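Visitor: Hi, I've got a protein open on my screen. Can you walk me through it?

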Amino acid sequence: MKMLSGIALAILAGHACAAGRSTLDEMPAPVRSTLVHAYLADEDPDKYSEVFFEPAVIDGLPGAIVTLRVNDGAKVEQGQHRFILPEKDERLCNESGSVMRHAFGGEIVGEPNWRVALPVSWDKHRTPYRTYADGVSPIDVIGTELCLAHFSTFSDDLQERTEALVAERRRQWEEQNAVKQARTEADVVVLRACLRDREALERTGEAAEREESALVSSLDRLAIMRAGLELQRGILDSYQASAASRNEFDRQVRAYSIAAAEHDRKVKAHERVLARGRTESDRIEAACEGREFSGAAAHEVCRSDTSAFCDKVRKRH
């Protein structure tokens, strides 16, 4: 592949998440090389790049033959580069950064600066062993792989640090997952209680409405009874009524008084029911306020719940 040194450096300087179409399904990796990194070029996200690494001693110095493949979906371009540390000194492999020589086409085309790239995983049972984070510079990966290939002490130290970091991330993930699970379980309990209480409140409200209608009808009947008694009283007072007539009138008055007292009792009981309903409604709103029926808790609750509230949840999803 013909490539100007400036273009080679620009491609190697690109970095993005390692996503796209690999070339390994279409052609094997270069002989004695291992895929160490893949990325999308910043300047052209359609170009998927792969870095293949072969450790080598070049002019007595720690080095590597690096094959760079670029796949734009239509064709694959491949170029071979050499990277060499300026000295055989492990102290060059430090966090603060170092320099290496970049040779391309038989010439030194630059001395890029690089820093140690800490892998995000390290697994001897997988190829490649190491995985680097999305967005890491390929130059940093190449410099790090140079040190890993040529300095065992550096390799052991970086592996230990990587495994410790992976273990810490796993611990944090497990803690976060446990907290999330506990929160979901707590939400399930609350949401079930909210559904149960809201449905009970709804039933109580419907019963209260029926009682309200019954009390209105009762009040109307009492008004009719009272009007009839007043009419009878006027008639009785207008002539010399018989004792039987007056006794019947007194019986109707007593019946009216009993009915009126019963109505008053029911009105007071109804008012108490309404007061309890308002208190219960306030309690439910306080407990369920801001808790939307969505997410994992809602799906768990509504999996077997046939309430109208869950019907709304199912319609939303």
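**His37 and its surroundings**

Guide: Start with His37. Leaving out residues up to four places away in sequence, His37 touches Ser49, Glu50, Val51, Tyr132, Ala133, Val136, Pro138 and Val141. Keep in mind that this is a predicted model.

Visitor: Which strand is His37 in?

Guide: His37 is found in strand S1, which covers residues 34-41.

Visitor: Does His37 count as buried or exposed, and why?

Guide: Buried. Its relative accessibility is 6%, and His37 counts as buried because the cut-off is under 20%.

Visitor: OK, zooming out. How many helices and strands are there?

Guide: The protein has 6 helices and 10 strands.

Visitor: And how much of the protein is buried?

Guide: Of its 317 residues, 34% are buried.

Visitor: Back to helices. At what angle do the axes of H2 and H3 cross?

Guide: Roughly 115°. H2 is residues 138-150 and H3 is residues 152-238. Their axes come within 5 Å. The crossing is left-handed.

Visitor: Which residues make the contact?

Guide: From H2, they are Thr144, Cys147, Leu148 and His150. H3 brings Ser152, Phe154, Ser155 and Leu158.

Visitor: What classes are those?

Guide: The contact of H2 with H3 has 4 nonpolar and 4 polar residues, with no charged ones.

Visitor: New topic: rings. How many aromatic pairs does the structure hold?

Guide: The count is 0.

Visitor: What sits over the ring of Trp122, then?

Guide: The charged end of Arg130 does. It lies 4.7 Å from the ring's centre.

Technical notes. Residues numbered from 1 in each chain as written. Predicted model: local features only at pLDDT ≥ 70, side-chain atom pairs only at ≥ 80, totals over all residues. Heavy atoms only, no water. Helix = DSSP H or I, 4+ residues; strand = E, 2+ residues; numbered from the N terminus. Buried < 20%, exposed > 50% of the residue type's maximum accessible area, 1.4 Å probe, protein only. Contact = heavy atoms within 4.5 Å. Phe/Tyr/Trp six-rings, centres within 6.5 Å; stacked < 30°, edge-to-face > 60°. Lys NZ or Arg CZ within 6 Å of the ring centre and 35° of its normal. Axes fitted to C-alpha atoms, helices over the stretch in contact; angles between N-to-C directions. Left-handed = near helix turned anticlockwise from the far one by under 90°. Nonpolar A, V, L, I, M, F, W, Y, C, P; charged D, E, K, R; others polar.
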